[in-house]
Each structure stands twice: as structure tokens, then as C-alpha cells.
Amino acid sequence: MHQIGRIGAAEKGKLKHAIVSSHPGETRDISGYKVASHLNIYVLDTPGVLSPRFANDDSGSRLALTGAITGSLLDEYDIAQFLLAVVNSREEYRRWENLNEEGGSSSNDNANTSRSHNKKRQYVSDHTQDFVVKAVRQVLFETISSFKVDLVKEDELRRLIDCQFVSLQEAFKVSTESSEDVGKSIALKLLNLYRTGRLGHYTLDHVPDVRQELAA
């Protein structure tokens, strides 16, 4: 719309651009942007407004997990725990069952790997690299699959999440000798993978199962 307005506007080159950011809280005032001159059309950029109180225990965690509110309002470790609770309760992890079999066993994979070694080095400190993401997926699949308990029980779910943090420390190569908080470091890396879509896609709202309703 801004480009269309610029082409047809009499004041070419004088149109303003809205400042955007991937972090919440960037827009702090109401600004108007002219996008057309005949007729005059303006678009208003306004700050997002949230209730000062969360409706329930999960709404704040869902907003923080997606990055819709600043991370300083909730502890990153708590947000990552909420993320693992979501992952553990969904079926997405089943797609990672064959990661062990896919890892370098085929001649094509070996050939591709050998060619790519000179193009891109593997740095264990970079948690966004494919081999680290694969290790994280493997950890999540193995821990969920081997945990033969009822995850509806909160104490059992918390015990699984604690085990996953221990295993993710190795997957992310987070050193215990680091001056940073180990739990926070793991949480930040895990949250980044989720927010960039590397751990799959999840619906955080409670959506009723239409199939069960139709069957009833």
C-alpha cells in the first residue's frame, strides 16, 4: 500500500515509513502514513494494547512464547518449560522418529556432507546449525518416547521436563563451566529454535477437536 501511494502521490519522496521490529514495544505513539492522494488515504500505525492482567495462567506464557510481549515480564526458563509442556503434549515429535536412520547412512548424504564441509564449517556454539537442531529433535523424541508415564499428571510432566533440560544441555553443548546460567542459556536457545520454526508448528490456543464433536 505504501508503494502504491508513493507512485500516485503528488509529494513523491516525502512519504514516511513506519518503523518495524521483531521485538514488541517498538511502536509507542500513533503515526499516520499517507498511502494515496486521490482520494487521500492514510494508514494509522498504533501501539498494541494488552490488558494489565492475564486472563489465566497460560495466556501470559503463550504471549511470551510467541514473542508478543517482552521477555522481561516472564523468566525465560519458565517460558521454555511451558514450551516443552506443549511439545510433550502434541504429536509433532513423532515426525522425528527416523532421524537416527537418516543421519549420514546413505551415500548421497555422505557425498553431500563431504562437499559441504569446505563451504560451511560446523560450530557447536551456533545452535541454529542443522546438526545441532537435529540433535535437539532427537533428544525431544527420545525423552518423550521413553517416558512411559501419564503426562496429564503435573508432577510427572515436570519430571520429564527436568530430564529434557539435562539432555538438551548436551545437545546444545552448553558447558557447566560457563559463567552464564546454564538453565537460562538452554532456554534461550530452545526458544529461538521454536520462534524460527525449527521445532515444528504448534497451535497454542485450545482448539476443540471437531471430529470428536461430529462423532458425538
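**Inside the core**

Trainee: Which residues touch the most other members of the largest nonpolar core?
Mentor: A nonpolar core is a set of buried Ala, Val, Leu, Ile, Met, Phe, Trp, Tyr and Cys residues joined through side-chain atoms within 4.5 Å. Buried means under 20% relative accessible area, exposed over 50% and partly exposed in between, using a 1.4 Å probe and protein chains only. This core has 37 residues, and the ones touching the most other members are L65, V136, L168, F172 and L190.

Trainee: Before we go on, what kind of model is this?
Mentor: Residues are numbered from 1 along each chain as its sequence is written, and side-chain values use heavy atoms, leaving out hydrogens and water. Local features need pLDDT of at least 70, side-chain atom pairs count only at pLDDT 80 or more, totals for chains, interfaces and linings use all residues, and the model itself is predicted.

Trainee: Okay, which helix gives the largest share of that core?
Mentor: Helices (H or I, at least four residues) and strands (E, at least two) are DSSP runs, numbered from the N terminus. Helix 2 (57-66), helix 3 (76-89), helix 6 (130-146), helix 7 (154-171) and helix 8 (182-195) each supply at least two core residues. The largest share is eight residues, and they come from helix 3.

Trainee: Which residues does L168 touch, skipping those up to four places away in sequence?
Mentor: Contact means heavy atoms within 4.5 Å. With those sequence neighbours set aside, L168 touches L84, V136, V139, I186 and L190.

Trainee: I see Y77 and F165 facing up as a ring pair; what do we call their arrangement?
Mentor: Rings of Phe, Tyr and Trp (its six-membered ring) pair if their centres lie within 6.5 Å; planes under 30 degrees apart are stacked, over 60 edge-to-face, and the rest tilted. Y77 sits in helix 3 and F165 in helix 7, 88 residues apart. Their centres are 4.5 Å apart and their planes at 35°, so the pair is tilted.
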